[in-house]
Amino acid sequence: MILQGATCETVAAYLDEIISDSMALGPPSEAVHRASLLTAEAISAYLQVDRASF
């Protein structure tokens with residue numbers, strides 16, 4: 001999603017949806033959403049570094 005131009009917030013919302021729907025863990029708390037956002041930001045940062053190495 002990030003490589004296709006999605007924002008970190010969009011990716012975090014998708015991760016929250018997986019937690020809520022696919023894993024059936026209920027609505028994500030603020031702390032869970034923050035973890036999703038940090039995960040998306042870490043992936044985005046990794047991809048920026050990875051692309052820079054080419």
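I took contact to mean heavy atoms within 4.5 Å. The model is predicted, so I noted its limits: local features need pLDDT of at least 70, side-chain atom pairs count only at pLDDT 80 or more, and totals for chains, interfaces and linings use all residues. Residues are numbered from 1 along each chain as its sequence is written, and side-chain values use heavy atoms, without hydrogens or water.

**Asp 16.** I found Asp 16 in helix H1 (helices are DSSP runs of H or I, at least four residues, numbered from the N terminus). Setting aside neighbours within four places in sequence, Asp 16 is in contact with Pro 28, Val 32, His 33 and Ser 36. Asp 16 is buried (under 20% relative accessible area; exposed is over 50%, partly exposed in between, with a 1.4 Å probe and protein chains only). Asp 16 has no salt bridge (a side-chain nitrogen of Lys or Arg within 4 Å of a carboxyl oxygen of Asp or Glu). The nearest side chain of opposite charge, Arg 34, is 11 Å away (Lys and Arg count as positive, Asp and Glu as negative; His and the chain ends are not counted).

**Ala 12.** I looked up Ala 12 next. Beyond neighbours within four places in sequence, Ala 12 is in contact with His 33, Ser 36, Leu 37 and Ala 40.

**Ala 24.** I placed Ala 24 in the loop between H1 and H2. Its phi is near 55°, a positive value in a residue other than glycine. Most residues other than glycine have a negative phi. Ala 24 counts as exposed because its relative accessibility is 60%.

**Thr 7.** I found Thr 7 in the segment before H1. Thr 7 and Ser 44 are 37 residues apart in sequence and 9.0 Å apart in space, C-alpha to C-alpha.

Technical notes. Helices (H or I, at least four residues) and strands (E, at least two) are DSSP runs, numbered from the N terminus.
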